[in-house]
Amino acid sequence: MRLSAQVLTERLHFFWNGPEDLPRNLKLEWRFVAVRWLGIACLAPSLPLAHLPFDRLAAAYLVLIVATVYNAGLQHLMPRRPQWLANGYISTLGDALLDIAMVIVGGGFDSPFYFILFTVTLAAAMRYGYGPSLGVALLYVSADGIGYLAAQQPVGAPFVVRSLLLPLTTVLAGYLREQAQQAEAALQERLRQSNTLNEVTGMLGASLELDAVLRAAVAATAQLFGSDTAVLQASSGLDGHAVTLPAPIFSSGDGHSPTERALESLCSRYAHRAQIARTTDDELISIEYLSTGHQAVVLELALPTRQLSLATIAVAVPAGAAISLDSDILDSFVERITLAVENASLYRTLADRSQDLQRAYSDLATAHQELLSVDEMKTNFLANVSHELRTPLTSIRSFSELLLAYEDDPEVQKEFLRIISTESERLTRLVNDVLDISRIEAGHMDWKMDSIGVSELLSDLGRTFAPLITLADLTFDVQLDEDLSRVYGDRDRLHQVIANLLNNAMKFTRRGGTIVLRGERLDGEIRISVTDTGIGVASADQERIFEKFQQVGDTLTDKPRGTGLGLAICRDIVEHHQGRLWVDSTPGLGSTFSVALPSENSELLRAA
Amino acid sequence: MLEQLPSPNMSGPILVIDDEPYILRSLSYLLQREGYTVETAVNGAEGLQRVRSLRPPLVFLDIMMPHMNGYEVCEQVKQDPSLEETYVIMLSAKGQQIDRERGLLGGADEYMTKPFSPREVAQRVRTILAERAASRTA
């Protein structure tokens, strides 16, 4: 029972609504088919009640049979040939002919039955507008007239009234319907535009970043005009900088289509004009024609408070297309977009200023810090020099005074004289080192740059140091690559560097140890290294030992103390040769001090 | 030869703390020749240890030394009530006014700069030790 009820509901639904995939515009048509079925179903049993003569009754049933075939045909065609039925001519014509047939069978145009059919059919035909309904009306009038002619009756007043009234009513009804439709369409359009306006202005508010706002403005304009091409040219002063660089152009497309290029040049023309003079009376919205056949709407974003316009937007619409936007919607759009751009521009200016300020402040702080640290470095250097000078001076003064005071002790006199001599030497070295480093760092060093044979230089050093090192009970080895190229540099200064490294190695290596002087080619550089098996340098000190007055650890021998400037001078000299000086060391096992110099033919030196 | 003065007070050795061997040598020689007993230490940490064990009446203290500098040694000494009799002379090559002030603020009794004159040092040592002897007998 339940099942059959469900089937019945489905059937009824299909009867009234038709198949699911029926085109939307034919839904109403399908319902007319259903109404016709109902009409046929009602008329078929009720015709005998009209007390018609037999021949008329038979004709009426014949008309009903034709109507059944016609309605079934429509129903059959509807899903298959929707295009035949879409304009309504076939169905309105069929309905009208059937009506006329029924009217003739049913007692002529004078019968009241006629009016009912007439009204219903005409009202139904009205759904297709003027054409079909006027056609139906004229069909009635002609059928009416033919009826008079066939009966050879004089045309009476009722016919005249009917014939005039019928088309007149149709025209009037059609006109009213058209008006209502237009009003509704206008309302819909306005609704759509307001929706679009809200939608696009919503896009504008999403960001305060100028670029994002400008992009959103282009996209919004294109969307509002239903166009796919819009271009925006920002005026050059927009981001707060008073520059006349080519202003950025934002495009809704990829910027390469001819339409976009035409819009760009249009924008430039407007922007240029606006830059020369813009009065408050200028129209902000204008229409231009493009060479590509489009027309373009140009919107200028300008504020009364600004002399120059902020930006110009051009949007392409198909030629001849009416611009259907309401002027108040368009004005409101331009106003909102202008405000959004103005806000973003102000925001950018503000952000830039604050950034500038921040940068200026940090520059100032850095400069101040640098000045302080330069000052501090100088003070430290002076304090260190003074301290280092006082130490040997103290010895010299003390021992010479002691010599004078206690001249009775010949034993110690010799010792004191030796100390005085050593400390004088130390003082001399110190003075020389301080002068060296001051000259190098002030750029006053007199460099005698020349082409130097590295092999000769190192062999020379080897010959000088071999006896000294051997005397200290150390093994000395010189290892030189055969193909050592020449370097460009100051021979005496490089000699000083290597000699300093060899002296250090001697100072920090125990008896029985080994010192190796090596010269090799590595990666296009000349690498000179001094390796010892001495006490080594802790990794924490490996950078510090190259700083001024930073001596680390005690010397192992009774060799005189250094000045604390040797390695600093060495590094300055090597760096002047565009080279590097560094140490690799394992405490307890030994150290390797390496000098890397660019070989003479290298690009680096040629550029120097 | 320096003037002969009454024999020095023998309340203990004079301690010289310095990392420069020649300073140690010259001061030791000077003070020994003047009749004092002299002890030496070559860095701050060792120096402090020796001050505590020897309790010398007079200490010569260098400032820039490895393993604890002179300022730290001086502070430690002056914080120790049992060492209040110890007279500390800071002896430094740091000659600026600020270094002198810092030394005295740290509790040093006297600040001498290098280079110094042995004659003057000997004179000061005699005066200081005589004053101390006088105050003790008083």
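In this predicted model, chain A holds an open sheet of 5 strands in the order β7-β9-β10-β12-β11, with mixed pairing; strands are DSSP runs of E with at least two residues, helices are runs of H or I with at least four, both numbered from the N terminus, and two strands pair if DSSP finds at least two bridges between them. The edge strands, each pairing on one side only, are β7 (475-480) and β11 (580-586) of chain A. From one strand to the next the twist averages 15°, where angles run from 0 to 180 degrees between N-to-C directions and axes are lines fitted to C-alpha atoms, for helices over the stretch in contact.

| Helix (chain A) | Strands touched (chain A) | Angle between directions |
|---|---|---|
| α13 (454-471) | β7, β9, β10 | about 175° with β7(A) |
| α14 (491-507) | β9, β10, β12 | about 20° with β10(A) |

Elsewhere in chain A, helix α12 (residues 410-442) has 33 residues and reaches 48 Å from its first C-alpha to its last, close to the expected 48 Å, a span defined as 1.5 Å times one less than the number of residues. Its buried residues, including A:Phe416, A:Ile420 and A:Leu430 (buried: 20 or more other C-beta atoms within 10 Å of the residue's own), pack against α11 and α15 of chain A together with α1 of chain B.

Residues are numbered from 1 along each chain as its sequence is written, and chains are lettered from A and ligands numbered from 1 in the order in which they are written. Local features need pLDDT of at least 70 and side-chain atom pairs count only at pLDDT 80 or more, whereas totals for chains, interfaces and linings use all residues.

Terms used:
Contact = placed C-beta atoms within 7 Å. Buried ≥ 20, exposed ≤ 12 C-beta atoms within 10 Å, placed from the backbone.
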